[in-house]
Amino acid sequence: MDLLVSLLSVALLASAVRLTVPILLTALGAVYTERGGVFNIGLEGTMIMGTFFGAAVTHVVSRALQTPGAEAAAESAIAPLAGMLAAMGAGVLFSLIHAVMSVTFQVNQLISGVALNLLATGLARFLNILFFGVATQSPGIRGFTPWSIPGLREIPALAPVATGISPVIPVALLLVVTGQWVLLRTVFGLRLRSVGEHPRAADTLGINVSRYRYAGVLISGALAGLAGGYLSIEQGRGYLEGMTQGRGFIALAAMIFGNWWPVGALGASALFGYFDALSLRVVHTAIPYQFITVLPHIATILVLAGVVRRAVPPAADGIPYSKEEG
Amino acid sequence: MSARVRLVVLQVAAPALAIGFAALVASGIILAIGKNPIDVYVTMVRFSFTRIDSVAAILFKTTPLIFAGLAVALSFRANVWNIGVEGQYYVGAFAASLVAFGLRGLPAAAHLPLAVFAAVVAGALWAFVPIALKLRRGAHEVITTIMMNYIASAVVLYLLADVYRDPTQVGTPRVRTPLFADEARVPLLGPLLNRLGLAIPEHSALNGFLVLGLVLCVVIAVWLSRTRFGYEVRATALNPDAAEAAGISLDRVRFVMFMTSGGLAGMVGLSDILGFFGYFDIDFPKGLGFLGISVALLARNNPLGIVPAALLLGFLDRGAQGVQVFSGVPREVITIMQALIILAIVVAYELLTRYVRAQRKREAERAVAGPAMRETAGGS
């Protein structure tokens with residue numbers, strides 16, 4: 001009974017919500033790129049770029065704003081906002097490489113993604129040495145002023161979930177709803193999906209396949225960058241090498257588990273977020289901590305092995321499209 | 001004939017151009033931090049090739065890359081994507097360590113092969129999970145192998161720190177296994193090469209695994225080009241549907257290639273631990289599995305191409321040390337360059353493939369158009 005209570009404790013759930021966000025944002029990005037027919041395993045590297053640029057820009061901007069008379073509250077919102085935008089921008093630029101490689105040059109998308117992940121590790125270390133003199137971490141930074149829900153925060157039992165809410169959390173939830181609407185109801189979404197299902201048919205109807213595939217990849221970059229920014233600005237309060245811990249890959253699994261839909265990705269990400277939170281909280285058990293830390297990874301394998309048969313990927317997912325050949 | 005010569009030239013030029021492109025971008029980065037790229041490259045080459053022990057060091061760094069490259073190439077050849085070489089070699093190296101320090105009193109002729117065998121089995125076992133889940137349950141092997149990498153490092157860390165840590169080291173910051181039995185260590189190449197007149201210094205760790213790696217490259221090349229199974233692999237890669245229609249079991253080809261890949265991956269770390277360290281510790285070299293992907297791509301998954309590709313990356317890795325020490329350029333520049341080489345090389349090969357296809361088409365058109373034109377000329 002004790003175990004059950006602790007598995008459902010409010011503090012654990014609050015932590016699970018926080019840890020769901022980076023996986024969810026990246027999984028949402030993965031939905032866009034794969035719906036357009038481009039497999040993007042470089043999202044892990046894109047997240048890494050987001051973590052670095054998010055933290056670095058937040059640090060630089062908050063330094064620049066540190067004038068004696070300035071109002072503290074205004075400053076604390078501008079710097080992390082700039083950081084988030086920089087993280088998204090870095091994600092877009094980084095995924096542009098993937099788009100050029102896989103859409104324009106039509107190379108193997110898996111390999112391009114793996115190379116991007118390698119590039120991201122090297123680049124983040126290099127830039128960190130350049131900016132901060134050390135390879136693995138940035139100075140500490142301050143994120144957004146956390147929100148709390150009036151009314152609920154007064155109830156002690158609910159305080160962990162009702163306070164300390166990052167503004168990025170509601171944004172992420174909003175993006176789920178928007179994503180579902182975009183893919184189901186808008187011209188852009190339908191065309192994006194057509195390009196991922198049957199590019200030749202789409203091409204015949206006059207849809208510019210390359211342009212839509214570029215759009216899908218770049219949106220995924222923006223979202224993965226934002227996820228990285230959230231990790232370093234809101235959660236880590238600074239950049240730390242390896243802080244993504246494979247969440248970019250886990251997000252891909254969440255997208256598959258969510259059957260390539262934003263709402264499905266939300267459910268799957270929540271599951272992985274829960275395991276992530278569990279891996280951080282369970283300390284005093286008979287199970288060695290090394291095994292607890294890989295709970296999310298084990299869960300990922302089990303989920304892929306258990307449910308994937310039911311999942312149907314976009315028909316042209318991962319297949320380069322060229323106008324000339326059939 | 002001239003078209004064929006041009007093709008050969010292009011095939012050599014493609015990787016050269018890709019490396020040149022990567023070096024160019026890296027030069028930009030070096031310039032940006034206020035250093036002279038030419039100086040840096042000169043330092044790299046001078047550091048690497050002016051002394052025989054430096055050459056030996058490059059060959060030592062090349063050794064694990066040959067195994068890693070082969071492992072990746074074999075899976076890629078069968079269109080299954082083993083991104084898990086990284087994890088497979090951790091468990092392989094740890095399994096070999098268990099045998100190497102756990103058993104005592106065996107003759108070298110039995111102990112060393114037993115350690116290698118343990119590594120192969122452990123690597124293959126780690127590869128079995130993702131391939132079985134792929135073939136039986138449809139789980140995407142790219143994601144499962146990456147997850148297995150994380151699990152491998154957790155398992156190895158646990159076994160190393162909590163179960164098999166050398167009891168005499170407790171209380172010190174060193175986390176490592178007990179020393180291996182001498183019988184499990186691999187013979188060094190230094191003494192042999194010295195007898196041939198090369199002055200390999202005493203401290204060089206160049207060892208028998210280099211020879212094993214070279215032999216394996218040749219054996220696998222023959223296996224894939226001269227046997228029935230090799231033919232099935234090629235058929236599967238070229239056209240899976242046609243291969244299946246011809247009675248080839250795709251699942252069997254993929255399974256065998258993936259498991260062989262895992263077994264080879266198990267041996268990646270052996271040159272380092274059995275040839276140099278003599279124990280397994282927490283600073284065991286990491287990242288070789290991912291470098292293996294670069295090696296395989298550079299070699300276009302050709303077993304014989306693995307050797308020059310591994311040499312190139314071994315040189316870059318060694319050069320990175322020199323650059324860091326003598327030019328004050330962070331070695332990460334070289335990591336960036338390795339990633340750029342992959343990106344440039346896949347583009348170069350893709351363009352080459354397109355060129356060849358266009359060339360063939362043109363030749364075929366000419367062959368068809370030639371007689372037809374003569375006919376019309378005769379009829380008029």
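I started with burial in chain A: 51% of its 326 residues count as buried. Keep in mind that this is a predicted model. I checked the scores next and noted an ipTM of 0.85 and a pTM of 0.88.

**Chain A, overall**

I went through the secondary structure of chain A and got 14 helices and zero strands. Read along the sequence, the pattern is α-α-α-α-α-α-α-α-α-α-α-α-α-α. I then looked up the radius of gyration of chain A, which is 20 Å; the globule rule also gives 20 Å for 326 residues, so chain A is as compact as a globular protein of that length. Along the principal axes, its C-alpha atoms fill a box of roughly 60 × 55 × 40 Å. I also asked how far apart in sequence the contacting residues sit. Of the contacts in chain A with a separation of 6 or more, 78% are between residues 24 or more positions apart.

**Chain B, overall**

I repeated the look-ups for chain B and found 15 helices and zero strands. Buried residues come to 49% of its 380 residues. The C-alpha box of chain B is roughly 100 × 55 × 45 Å along the principal axes. For contacts with a separation of 6 or more, residues 24 or more positions apart account for 76% in chain B. Confidence in chain B averages a pLDDT of 88, and 97% of the residues score at least 70.

**Where the chains touch**

How many residues of chain B are in contact with chain A? I get 34 residues of chain B against 38 residues of chain A. On the chain B side, the elements giving two or more residues are helix H5 (108–137), helix H6 (141–163), helix H13 (288–298) and helix H15 (332–379). By class, that side has 25 nonpolar, five polar and four charged residues.

H6(B) has 23 residues and reaches 30 Å from first C-alpha to last, close to the 33 Å expected at 1.5 Å a residue. H6(B) is also mostly covered, with 17 of its 23 residues buried.

**Cores**

I looked for nonpolar cores next. The largest has 216 residues, and those with the most contacts inside it are A:Ala27, A:Ala254, B:Ala68, B:Ala96, B:Ala119 and B:Val295. Helix H3 (residues 52–77) of chain B gives the most to this core, with 15 residues. I also noted a second, separate core of seven residues, which includes A:Leu192, A:Val195, A:Ala202 and A:Ala316.

Then I zoomed in on A:Ala27. Leaving out residues up to four places away in sequence, A:Ala27 touches A:Ala251, A:Ala254, A:Met255, A:Gly258, A:Ala265, A:Ala268 and A:Ser269.

**One residue: A:Ala14**

Last, I clicked on A:Ala14, which sits in helix H2 (residues 10–35) of chain A. Is A:Ala14 buried or partly exposed? A:Ala14 counts as partly exposed because it has 19 C-beta neighbours inside 10 Å, and buried takes 20 or more. Setting aside neighbours within four places in sequence, A:Ala14 is in contact with A:Pro160 and A:Val161. I also took a distance to A:Ile111: A:Ala14 and A:Ile111 are 97 residues apart in sequence and 37 Å apart in space, C-alpha to C-alpha.

Methods:
Residues are numbered from 1 along each chain as its sequence is written. Chains are lettered from A and ligands numbered from 1 in the order in which they are written. This is a predicted model: local features need pLDDT of at least 70, side-chain atom pairs count only at pLDDT 80 or more; totals for chains, interfaces and linings use all residues. Helices (H or I, at least four residues) and strands (E, at least two) are DSSP runs, numbered from the N terminus. A residue is buried if 20 or more other C-beta atoms lie within 10 Å of its own, exposed if 12 or fewer, and partly exposed in between; C-beta atoms are placed from the backbone. Two residues are in contact if their C-beta atoms, placed from the backbone, lie within 7 Å. Ala, Val, Leu, Ile, Met, Phe, Trp, Tyr, Cys and Pro count as nonpolar, Asp, Glu, Lys and Arg as charged, and the others, Gly among them, as polar. The radius of gyration is taken over C-alpha atoms; the globule rule is 2.2 Å times the number of residues to the power 0.38. The expected span of a helix is 1.5 Å times one less than its number of residues. A nonpolar core is a set of buried Ala, Val, Leu, Ile, Met, Phe, Trp, Tyr and Cys residues joined through C-beta atoms within 7 Å. pLDDT is the predictor's confidence in each residue, from 0 to 100.
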